Amino acid sequence: DDPAVASYLIEANLAAKKYSAAADAAKAALAQNPDDLRLLRLQAQALRHTGKGDQGLAQLETAVKAHGDDPVAYISLAQAYSDAEKAAQAVKVLQEAQAKFPANDQIAFELGTVFDKQKKFPEAEAAFRSVLARDPDNASALNYLGYMLAERDERLDESVDYLKKALQLEPDNGSFLDSLGWAYYKSDKLDLAEANLKRAA
């Protein structure tokens, strides 16, 4: 009856591309835990893959109305919209959430990722910078911003600085090492790129 165990089972089925099994597992788990936002989010993923994406979105929209005081409800709905290639709706939900929870870094972070997917890079950068203004040691925001700059061949020295700081906070994070290796590669510092990419691998 543990919803966390159920969520792992759903994730395993999703990873194995057993989408009907994932949807069935989510339905069974939600029968016992109807308000669990993580389960609702995973169910929306499963339903999207089985051609019933609108049903999953509708349930998350209902969850936002029922849990308007919980920022996770808004984030879950926005992620589902983003997965469904409905970026405008994702942005709208996150901006509503940001107005309601202005100090919530996860909302700002998610908004940055959606803007990045839309290739609205100035808006994405502003969102990540707003996270770092409140929490300069947010390693995920440092990594995302550093990688985003490197990917666009922009301000590469600044990109490296962000990524090195992220690695000071999480020295063994393979994703961060990969990002730093990529930034060095883009900077034509191939020895440093190779060292970090090997370590990431």
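1. A residue counts as partly exposed when its relative accessible area falls between the limits for buried, under 20%, and exposed, over 50%. Trp182, with a relative accessible area of 27%, is therefore partly exposed. The structure discussed here is a predicted model, and the points below should be read with that in mind.

2. As for the overall build, the protein has 12 helices and 0 strands, so that, read along the sequence, the pattern is α-α-α-α-α-α-α-α-α-α-α-α. Taken along the principal axes, the C-alpha atoms fill a box of roughly 55 × 35 × 30 Å. Of the 201 residues in the protein, 44% are buried, and the protein exposes about 10500 Å², of which carbon and sulfur atoms supply 50%. Among contacts between residues at least 6 apart in sequence, 46% join residues at least 24 apart.

3. A pair of aromatic rings is described by the distance of the centres and the angle of the planes. For Trp182 and Tyr185 these values are 5.2 Å centre to centre and 10° between the planes, and the pair is stacked. Both residues belong to helix H11 (residues 174-186), where, being 3 residues apart, they are separated by about one helical turn. Tyr185 is likewise described as partly exposed, with a relative accessible area of 46%.

4. Which geometry does the pair of Phe109 and Tyr144 have, stacked or edge-to-face? The ring centres of Phe109 and Tyr144 are 5.8 Å apart and the planes stand at 90°, so the pair is edge-to-face, given that planes over 60 degrees apart are classed in this way. Phe109 lies in helix H7 (residues 105-117), whereas Tyr144 lies in helix H9 (residues 139-151), so the pair ties together parts that are 35 residues apart in sequence. Phe109 counts as buried, at 16% relative accessibility, while Tyr144 is partly exposed, with a relative accessible area of 22%. Together with Phe128, these two residues form one aromatic cluster.

5. The lining of the largest cavity consists of Arg41, Ala44, Gln45, Arg48, Gly53, Leu57, Ala80, Asp83 and Ala84. Helix H3 (37-49), helix H4 (53-66) and helix H5 (71-83) are the elements that give two or more residues to this lining, and H3 gives the most, with 4 residues. By class, the lining of the largest cavity has 4 nonpolar, 2 polar and 3 charged residues.

6. Among the open spaces, the largest pocket contains about 200 Å³. Its lining is made up of Ser20, Ala23, Asp24, Lys27, Gln43, Leu47, Thr50, Lys52, Gln55 and Gln59. The elements that contribute two or more residues to the lining of the largest pocket are helix H2 (19-32), H3 and H4, with H2 giving the most, at 4 residues. The residues of this lining divide into 2 nonpolar, 5 polar and 3 charged.

7. Where is His67 placed? His67 sits in the loop between H4 and H5, and, with a relative accessible area of 18%, His67 is buried, because the cut-off for that class is under 20%. Leaving aside residues up to four places away in sequence, His67 touches Asp35, Leu37 and Ala73.

8. Two residues deserve a look for their backbone angles. Most residues other than glycine have a negative phi. Lys119, however, has a phi near 65°, a positive value in a residue other than glycine. Lys119 lies in the loop between H7 and helix H8 (121-134), and at 63% relative accessibility Lys119 counts as exposed. Arg155 also has a positive phi, near 45°, and the place of Arg155 is in the loop between H9 and helix H10 (156-169). With a relative accessible area of 37%, Arg155 is partly exposed.

Technical notes
Residues numbered from 1 in each chain as written. Predicted model: local features only at pLDDT ≥ 70, side-chain atom pairs only at ≥ 80, totals over all residues. Heavy atoms only, no water. 1 Å grid on protein atoms, 1.4 Å probe; cavity = no way out; pocket = protein on both sides within 12 Å on 5 of 7 lines; lining within 4 Å. Nonpolar A, V, L, I, M, F, W, Y, C, P; charged D, E, K, R; others polar. Phe/Tyr/Trp six-rings, centres within 6.5 Å; stacked < 30°, edge-to-face > 60°. Buried < 20%, exposed > 50% of the residue type's maximum accessible area, 1.4 Å probe, protein only. Contact = heavy atoms within 4.5 Å. Areas by Shrake-Rupley, 256 points an atom, 1.4 Å probe, with all protein chains shown as cover. Points joined across faces, edges and corners; volume = space filled by probe spheres on them.
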